[in-house]
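User: I would like to go through a protein model step by step. Please show it, and I will ask about its parts.

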Amino acid sequence: MKKFILLLLMSLTIYSNAQQWDVLNPKGNSITSLDFYNVSYGLATGEYGTILKTDDGGLNWFVINSGTNNWLKSVCVVNTDIAYIVGNSGTILKSINGGTSWSMLTSGVTNHLYSVHFIDSLVGYVAGSSGKIIKTTDGGISWVSQSSGITNTLNSINFVSSNTGFAVGSSGKILKTTNGGTSWSECTSGTTSTLNSVYFIDASTGFAVGSSGTVLKTTSGGASWTTQSSDELYSVKFINTSTGYAVGQGNRIIKTTNGGATWATITTAHTGSCQYAFSSVDFIDANNGYVAHVYGISKTENGGQTWYYNGFFNSLASVYFIDNNTGYTVGNENVIRKTTNGGQTWTTQYSKDSWDEWLKQVYFLNANNGIAVGYLNDVSGCLTTCYKTTDGGSAWTDLVLYDFTSVYFINSTTGFIVGTNGKIRKTTDAGSTWTAQTSGTTNDLFSVFFIDASIGYSVGESGIILKTTNGGSTWSSQTNGSNQLNAVYFTSSTTGYIVGNSGTLLKTTNSGSSWSLQNFVSDNLNAIEFINSSIGYIVGDNGTILNTTNGGSVWNLQTSNVVSNLNSVYFVDANNGYALVRMERY
């Protein structure tokens, strides 16, 4: 059995000739819904069939196999055993063992399903596109369509008793039932804005939130609604009759402590410059709450005063494994993370709360000695330095070298780093000191690779290709087109490959004297790795993964199960490989 990995992290497992990439970490696919049963146990769902489970209050999240690639839009945890999930194309999943495994139910519909609510373990409701509402009274064995009376999309459904429930959706639609869904009547909302979420405290008092900052409140069981405003909101949840939260676009979290009479913006769940949408909110008690977003899940333990998110929701730029178990990743906020169990869990060794500062590549000479290089991803005036460890990552020393993007070592002592404005540095003492070399270019360099102690290559912006034949003392340059070139890799002294933006894939068979252009995809290609002279992998934007088994004559597109951009690919051996996801700011 061969195993490859996407570190969103994702892992590729090869069974005979079949290849499958599995998500190891809950990053890369947007998280769109979460539901906690108590302070320990919760579930979250998202794109590409993502299901996450925590049993320790969100400190650790584990990826659960859903058996589907459909977007899972909503989750309802009924008790410690039973939970339901709904999603696109009529998908309904059920777990009877606390979310550990899931079975596919027959919904009888093909509509996209956006919201699920169960009154108990047997009776539940699902709402979705084209006004679809379906009900089960036997724990999902069978489902009956109900007449909503509308064809608008329904985004959220909530019941306050066995008979009384509400559903909201596009064009300001609010529906109410008082007979367990046998019939639904339309309420006058007073808005035409799309409503994304509804929550009732009791039979009289409820809230709906949606686009254009719409916040609606009723104290008459939906007979009339008053309008408030905020930013775009996607989810609302109340702890009691007084205290509630709503979340939405632009890191927005608003809180009320007077039953929705007024709402105040509270500290967002990220202190960097990145702006993104919070898609779901859930509170277990007055202190413990969670929000879901494109980066994963953030938590508060003090009623929303401060928020933190698990470390592996950073955008990751590079991965390097020493053996099948021990590996390192680096990324934004200068994060450095280590695993000792093949990527199942990761511990953060170093980080800095600044989204714009990136560590771009990590490289280990042996089990103890490693280098991480980085650069500034913006113009905020800071410089990102490089770091070195001599104890397997327990401590990292600042090398005071700024804005480097790639590192490569020929042996245990001699290595090179390249970076912005054509910078190239060389070390002959395992990275303790570095000597500047003359590259002959001011173009940014993004990758460096050496065949032996003398011959090496570096590539970068504007199609620049550099080559040295004397260990970096001098470099000759050529250009190949104008696209940015992101990575270079050689499988022999004569055969090499370069990947870059707009699907650029170059191959040489004469040591770089000439390069032939291959065209397989149009997405930006960001990294390349070969297992041997025949088998190689390329990763790129929009979840692109290409594989060749004939030395690059033909590249085949693989299913990655993500739509995010892939930054890095690395293989421990012929069977075990890893790829990383880059998250973009909104």
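Analyst: Questions and answers on this model follow.
The model is predicted: local features need pLDDT of at least 70 and side-chain atom pairs count only at pLDDT 80 or more, while totals for chains, interfaces and linings use all residues. Residues are numbered from 1 along each chain as its sequence is written, and side-chain values use heavy atoms, with hydrogens and water left out.

User: How many helices and how many strands does the protein chain have?

Analyst: Helices (H or I, at least four residues) and strands (E, at least two) are DSSP runs, numbered from the N terminus. The count for the protein chain is zero helices and 57 strands.

User: What percentage of the 586 residues is buried?

Analyst: Buried means under 20% relative accessible area, exposed means over 50%, and partly exposed lies in between (1.4 Å probe, protein chains only). Of the 586 residues in the protein chain, the buried part is 61%.

User: Which strand supplies the largest share of the lining of the largest pocket?

Analyst: On a 1 Å grid over the protein atoms alone, a pocket is an open set of points where a 1.4 Å probe fits, with protein on both sides within 12 Å along at least five of seven lines; lining residues have an atom within 4 Å of a point. The largest pocket holds about 1300 Å³ of space, where a volume is the space filled by probe spheres set on the points. It is lined by 50 residues, and S33, S74, S197, S235 and S280 are the closest to its centre. Several strands supply at least two lining residues each, among them β8 (72-77) and β28 (278-283), but the largest share, six residues, comes from β4.

User: Which residue in β46 is the bridge partner of S458?

Analyst: Two strands pair if DSSP finds at least two bridges between them. Strand β45 (residues 456-460) runs antiparallel to β46, joined by four bridges. On its other pairing, β46 is joined by four bridges to the antiparallel strand β47 (residues 476-479), where S477 stands opposite L466. The partner of S458 in β46 is L466.

User: How many residues of strand β46 are buried?

Analyst: Strand β46 covers residues 464-468 and is mostly covered. Of its five residues, the number buried is four.

User: Where is Y48 found?

Analyst: Most residues other than glycine have a negative phi. Y48 has a positive phi of about 50 degrees although it is not a glycine, and at 28% relative accessibility it counts as partly exposed. Its place is the loop between β5 (42-46) and β6 (51-54).

User: What is the relative accessibility of S171?

Analyst: S171 is not a glycine, yet its phi is positive, about 55 degrees. S171 lies in the loop between β17 (165-169) and β18 (174-177). It counts as partly exposed because its relative accessibility is 40%.
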